[in-house]
Amino acid sequence: MGEAQHEQLIWVDENDCVIGSGEKMETHRKKQLHRAFSIFIWDPQQKKLLLQKRALGKYHSGGLWTNACCSHPRKGQTMEQALRERLNVELGVDLPLQIISDNQAVSAGAVAAREAGRFCYFADFGALAEHELDHVYLVEQSADALTLSPDPEEVAELKWVSLAELDGWMENNPEGFTAWFSLAWALVCKLL
């Protein structure tokens, strides 16, 4: 496994208080609750959402559809730093994100990442598990303003979908989505 497998993830309790840290694969083997994030990208003009099909080689959920980007902040990293870095790694996008809540103003030149909420979930994959406290963010950005260069080790496919298309897809093929997608999507829907 690559260098990314030695990242130190942030272990938290159910209230998102830090209780320690551990190497990425160790954290998933121990099924330890840890901090994560999910980013949704919404094009408000076209009224479409960017979805990612995870690369088949991912250690879990390969070939499943999910939100635009998701990962874990690492020990010593702010959430804004983690969001920016992961968008760049997975999608090849360099956005000057600023996390905001409610009606908070965005700094000049920044792109808002609105907090949609957070949830805790557990998905067992046998020897590994995802036990995450997932912070969910919505980024509104025109598809025309984004030049996407997905990393093939992370992303198999990208697709912009309408809400009606997504609703039908989720109803007819729920097993085609990651374990966390519907939980995160329920939070984002409240912001649209």
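This is a predicted model: local features need pLDDT of at least 70, side-chain atom pairs count only at pLDDT 80 or more; totals for chains, interfaces and linings use all residues.
Q: Hey, leaving aside neighbours within four places in sequence, which residues is H60 in contact with?
A: Those would be R54, F125, E130 and W180. Contact here means heavy atoms within 4.5 Å. Residues are numbered from 1 along each chain as its sequence is written, and side-chain values use heavy atoms, with hydrogens and water left out.

Q: Got it. Where is H60 found?
A: H60 is in the loop between strand 4 (48-54) and strand 5 (65-67). Strands (E, at least two residues) and helices (H or I, at least four) are DSSP runs, numbered from the N terminus.

Q: And is H60 buried or exposed?
A: H60 counts as buried, because its relative accessibility is 6%. The cut-offs are under 20% relative accessible area for buried and over 50% for exposed, with partly exposed in between (1.4 Å probe, protein chains only).

Q: What does the side chain of H60 make a polar contact with?
A: With the side chain of S61, at 2.8 Å. A polar contact is a pair of N or O atoms within 3.5 Å; within protein, one must be able to donate a hydrogen and the other to accept it, and residues adjacent in sequence count only if both atoms are side-chain atoms.

Q: Tell me about S61 then. What is its phi?
A: S61 has a positive phi of about 60°, although it is not a glycine. S61 is buried too, with a relative accessible area of 10%.

Q: What about K47, where is that one?
A: K47 sits in the loop between strand 3 and strand 4. Its phi is near 55°, a positive value in a residue other than glycine. At 53% relative accessibility, K47 counts as exposed.

Q: New topic: how many residues does the largest nonpolar core have?
A: It has 23, and F40, L51 and L166 have the most contacts inside it. A nonpolar core is a set of buried Ala, Val, Leu, Ile, Met, Phe, Trp, Tyr and Cys residues joined through side-chain atoms within 4.5 Å. Strand 3 (34-43), strand 4, strand 8 (111-124), strand 9 (129-140), helix 3 (163-172) and helix 4 (181-189) each supply at least two residues of this core.

Q: Which element gives the largest share of this core?
A: Helix 4, with 5 residues. Apart from this core lies another, of 21 residues, among them I39, A68, M79 and L91.

Q: Which residues are buried in helix 4?
A: F181, A184, W185, L187 and V188. Seen down the helix axis, the buried residues of helix 4 fall within an arc of 160°, so they line one face. That arc is taken from the directions from the helix axis to the C-beta atoms. They pack against strand 3, strand 4, strand 5, strand 8, strand 9 and helix 3.

Q: And which residues are buried in helix 3?
A: L166, W169 and M170. The buried residues of helix 3 fall within an arc of 95°, so they line one face of the helix. The face turned away from that buried side carries the exposed residues A164, E171 and N172. On the packing side, the buried residues of helix 3 meet strand 4, strand 5, strand 10 and helix 4.

Q: Okay, rings. How many aromatic pairs are there in the whole structure?
A: A search finds 8. Rings of Phe, Tyr and Trp (its six-membered ring) pair if their centres lie within 6.5 Å; planes under 30 degrees apart count as stacked, over 60 as edge-to-face and the rest as tilted.

Q: Why is the pair of W65 and W169 edge-to-face?
A: Because the planes of the W65 and W169 rings are at 65°, with the centres 5.1 Å apart. W65 lies in strand 5 and W169 in helix 3, so the pair ties together parts that are 104 residues apart in sequence. Both W65 and W169 are buried.

Q: Which residues form one aromatic cluster?
A: F40, W65, W169, F177, F181 and W185.

Q: What lies over the face of W169?
A: K159, at 5.2 Å from the ring centre. To count, NZ of Lys or CZ of Arg must be within 6 Å of the ring centre and within 35 degrees of the ring normal.
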